[in-house]
Amino acid sequence: MPEVNIRHLDKIYDGGVQAVYDFNLDIADGEFIVLVGPSGCGKSTTLRMVAGLEDISAGTLIIDGKDCTQLPPKDRDIAMVFQNYALYGHMTIYENMAFSLTLRKENKEIIHRKVMAAAEILDLKTQLNKKPRQLSGGQRQRVAMGRAIVRNPKVFLFDEPLSNLDAKLRGSMRRELILLHKKLNATIMYVTHDQTEALTLADRIVCMSMGHVQQIGKPIELYEKPANTFVATFIGLPPMNMFEGKIEGGHFKCDLFDYPLSAEQGKVLAGHEGKQVILGVRPENVTRDGHIDLAITNNENLGMNTLVHGKIGGKKIVVCKFAEWCNYKAGDTIQIGFDPEMMHFFEMPQKDEKGNELPGKAIR
Amino acid sequence: MNNTTSNPVISSDIMRYKKNKFGANLALLAIVFDCIYFMVLYSVANDEGVEYYATWAIAFDVIFNLVFLLATFLLSEQVKNYNSKLFILQLILGACQIGRIFWLPLGGFMADPKAIDIGKFLVMAISLGASGGLEIASAVIGYIRSKQVAEFNQKVENGEVDIMATIRQVDAEEEAAKAAPVVAGNAQEEVQ
């Protein structure tokens, strides 16, 4: 069974710049892993190290029980799909899909059977005699996937494959990817900076920032129980509202408001009495039954819900998401509160020995 | 390279997605041999004291060569795409190439054997023969394959052939063949 075990992976470039720090991950057979994070967080570098396109500075990579740390890409039995498709413009779709097998000098009939099977899965049978320029972006990306499928690799690697597509096509391709994963039951590592892709596709998400893994977990875990302030603000759209304040006498106190804590919250935060903490509340967990005055600045109706932007105390901008059509006007004031079950508390950010700011850890 | 038993449906289906490069390359090779022929001929025709070629015939030969080169190149593209419409034209061109052996090369050799020795004559004759032969072979292969593809397409359109079902069947047979020795081996172990 093709499992992938990544142990203490580091990437240090020649100039001494470290792109990935101590990356550890065990990927089960047939698991869909999504690496998500902002640009420059090291997710693509990690994927390229798994693919063999970047040298591994330290650590080990084991694919299906075989140490692949020093193996060249061709011997790792992996297939990679790139953002820019990387198709050969002078070849037909059939030839593009068959190319890797042709290079291996496979039997023509075997190649044909594999290409036709992949074309059927990806609904490309009618396009096989066309050239890539005659296809839409989504179809080209499907060809790139087809080229990976025909190789029947142990692991599929996807490097932001949907980034070149428009929003509508991206949505349909996402659904196709989910179906494809179910059909092939393949082990997939998928890199994206789009949290929607991460949340919809992944069995487990690896959230990265500045070369460090911030959290590994199921999409719902990252959404409901973020490990730190980075994950809390990165996952979820619009991002989580954050308030800095102190825990004092069973209350969260900041210069904008004073919010009572539930008994359960009080227990969890008992060790932080008098200390500075960060309160995080997702826009969808803001309620309209509290005591905090929110001066509305903008009302965005999105059909099934409304995004309300406003300021507390004339300073702090807060975004609320109400599951109904609202007609607030700029200047209106409403009273808001927070769903006590969905209030997240974090420690204040710390600095590491190099002076880099580390996100505040969740208090649980 | 893996060896598998050839399946007629699959091998015919492959032709629908792969160009007839073999047939087209034969036609291009015919061009190469024609070039060898006219390079030898025109070098001889330029020699001092060779009177035989100083006639309208050499002009006609030049024009024929140009027509042959252009037509064969275009026909090679037709062959590549399994188009048999101009198959007869290709056969005629091939026959003309072979016929040309008996015109300027043989005529020159007979008229002035000192200017055109047996070696040059043979090079020209073999080049023209090869060029004509390859042109005819390209035409015949192109015609046969284009008919095969047309017939297969017709069968697919009529629903007489289900390609994906055939592929699935072959895959299943192959899987069964792979599993068979393992099952037989296990059974033998149990008996022992």
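**Briefing on a predicted two-chain model**

In chain A of this predicted model, strand E9 and strand E10 (residues 212-217) pair in the antiparallel sense, and five bridges join them. The predictor assigns the complex an ipTM of 0.76, together with a pTM of 0.80.

**Chain A as a whole**

- The secondary structure of chain A amounts to nine helices and 21 strands, and its C-alpha trace spans about 75 × 50 × 35 Å along the principal axes.
- Of the 364 residues in chain A, 38% are buried; among contacts between residues at least 6 apart in sequence, 65% join residues that are at least 24 apart.
- Chain A is divided into domain 1, covering 4-232, and domain 2, covering 240-358, and the C-alpha centres of these two domains of chain A are 37 Å apart.
- Domain 1 of chain A gives five residues to the contact between the domains, while domain 2 of chain A gives eight residues; the side of domain 1 that touches domain 2 has three nonpolar and two polar residues, with no charged residues.

**Strand E9 of chain A and its partners**

- Strand E9 (residues 204-209) of chain A is largely enclosed by the rest of the structure, because five of its six residues are buried.
- With strand E3 (residues 32-36) of chain A, E9(A) pairs in the parallel sense over four bridges, and in this pairing Val36(A) stands opposite Cys207(A) of E9(A).
- On the E10(A) side, Ile205(A) stands opposite Gly217(A), and the hairpin formed by E9(A) and E10(A) has two residues between the strands, with Met210(A) taking a positive phi near 50 degrees.

- Buried residues in H3(A) are Ile111(A), His112(A), Arg113(A), Lys114(A), Val115(A), Met116(A), Ala118(A) and Ala119(A), and the helix is followed by Asp123(A), which has a positive phi near 55 degrees.
- Ser136(A) lies in the loop between helix H3 (108-121) and helix H4 (137-149) of chain A, and Ser136(A) counts as exposed because it has 12 C-beta neighbours inside 10 Å.
- Ser136(A) and Leu169(A) are 33 residues apart along the chain, and their C-alpha atoms are separated by 9.9 Å.

**Chain B and its contact with chain A**

- The contact between the chains takes 16 residues from chain B and 14 residues from chain A; on the chain B side, the elements that give two or more residues are helix H1 (8-17) and helix H7 (163-191) of chain B.
- The residues on the side of chain B that touches chain A divide into eight nonpolar, six polar and two charged.
- Chain B has a mean pLDDT of 87, and 90% of its residues reach 70 or more.
- Within chain B, confidence is lowest in H7(B), with a mean of 77, and highest in helix H4 (residues 87-100) of chain B, at 95.

Conventions
Residues numbered from 1 in each chain as written. Chains lettered and ligands numbered in written order. Predicted model: local features only at pLDDT ≥ 70, side-chain atom pairs only at ≥ 80, totals over all residues. Contact = placed C-beta atoms within 7 Å. Nonpolar A, V, L, I, M, F, W, Y, C, P; charged D, E, K, R; others polar. Domains from an automatic or database assignment. Buried ≥ 20, exposed ≤ 12 C-beta atoms within 10 Å, placed from the backbone. Pairing = 2+ DSSP bridges. pLDDT = per-residue confidence, 0-100.
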